[in-house]
Amino acid sequence: MIDLRSDTITQPTTAMKQVMFEAPVGDDVFGEDPTINSLEEKAAEYFGMEAAIFCPSGTMTNQIAIRVHTDPHTEVICDEKSHIYLYEGGGIAYNSFASVRLLHGDRGRITAEMVKDNINNPDDVHAPISRLVSLENTMNKGGGCVYDFKEIEKIGQLCKDENLKLHLDGARLFNALVASGDDPKKYGKTFDTISICLSKGLGCPVGSLLVGDKDSIKMARRIRKVMGGGMRQAGILAAAGIYALDHHIERLTEDHNRAKTIAENLKDLAFVESILPVETNIVIFRLSNNQLATDFVEKLKNHGILAVPFGKHDVRFVTHLDFSDDMLDELIKKIKTDINDPFRKN
């Protein structure tokens, strides 16, 4: 099978397994796992921030950050396509008792002007108090699109002026950094907290990090414990993260190039109505003639290709560490002949 469902399906490489096997470990709840401590220090240093905490998932790091920055009856401002709203099980309400103000951005990217227009009057008892702005970079539902950092800086300055906190869901932030060439330390200066995922583009078996100042991460440890996220000898997992940060960031360009090649080969096919612009490793295309994505994905599966429906008529491909040039050639051959030719004849 050619598996393009997500970049979460990658397997740890042989070299990654070796460092995991050799990792020194300790009890992380006591702060005694040396490998986890090293990973957290490395991540914090990468973004020029004070501290970090290692967690099982990006959903947990996002939800911890929201809980750190909000109180009941306050509000989170984010785009309507945000992962924290669509794909985290209603966690904002369940974990933080907070409201959500949904904005309609450009493929999921919002602007400082949009944020400013949606900050509630703190003296109006009818409205929740605006407390947190959350951005997502890259934006999954927007086809892996990348924020212009100048706009992020404008949002950051607005948040400072309005006494709002700013969080980044950076599940695929490394894809954004590689594509844009932006300095990660500028992100550290702009955001109060950043969530980064190790098990997507970087190919780790599990794990995410929340990065921020010391006080935020101290509170995050308490919230992680409440959520059941305290881990013991998890340095085995953290070792994979250290290896990935050292070896798997720059290679993301390969994933981006393969995604662009897929899009280029899809654009003239009969079953494709439109394709979102491809900037990183995500390809989202809309099917022609009102085809149902669920039916089309099943058709792909019958031809040895795995993908996911991404809307009623939309399909998503995600390139990743385990998707090779040979697989790319085979994919293009199949979609042009096995999929497109029969469709065109019909």
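Begin by selecting helix α3 (residues 58–69) together with helix α10 (residues 214–226): their axes approach within 9 Å and cross at roughly 115 degrees. Axes here are lines fitted to C-alpha atoms, for helices over the stretch in contact, with angles running from 0 to 180 degrees between N-to-C directions. Helices (H or I, at least four residues) and strands (E, at least two) are DSSP runs numbered from the N terminus. The crossing of α3 and α10 is right-handed, a crossing being right-handed if the near helix is turned clockwise from the far one by less than a right angle, and left-handed if anticlockwise.

Next, display the side chains where the two helices meet. Met60, Ile64, Arg67, Val68 and His69 of α3 make the contact with Ser216, Met219, Ala220, Ile223 and Arg224 of α10; contact means heavy atoms within 4.5 Å. These residues comprise 6 nonpolar, 2 polar and 2 charged, where Ala, Val, Leu, Ile, Met, Phe, Trp, Tyr, Cys and Pro count as nonpolar, Asp, Glu, Lys and Arg as charged, and the others, Gly among them, as polar.

The model is predicted: local features need pLDDT of at least 70, side-chain atom pairs count only at pLDDT 80 or more, and totals for chains, interfaces and linings use all residues. Residues are numbered from 1 along each chain as its sequence is written, and side-chain values use heavy atoms, with hydrogens and water left out.

Keep α3 selected. Of its 12 residues, 9 are buried, so the helix is largely enclosed by the rest of the structure; buried means under 20% relative accessible area, exposed over 50%, and partly exposed in between (1.4 Å probe, protein chains only). Among the buried residues of α3 are Met60, Ile64 and His69.

Lysine 200 counts as buried because its relative accessibility is 17%. Beyond its neighbours within four places in sequence, lysine 200 contacts Asp7, Thr8, Thr10, Ala171 and Arg172.

Finally, select phenylalanine 310, in the loop between β12 (308–309) and β13 (314–318). Phenylalanine 310 is buried, at a relative accessible area of 10%. Not counting residues up to four places away in sequence, phenylalanine 310 touches Tyr87, Asn140, Lys141, Ile284, Val315 and Arg316.
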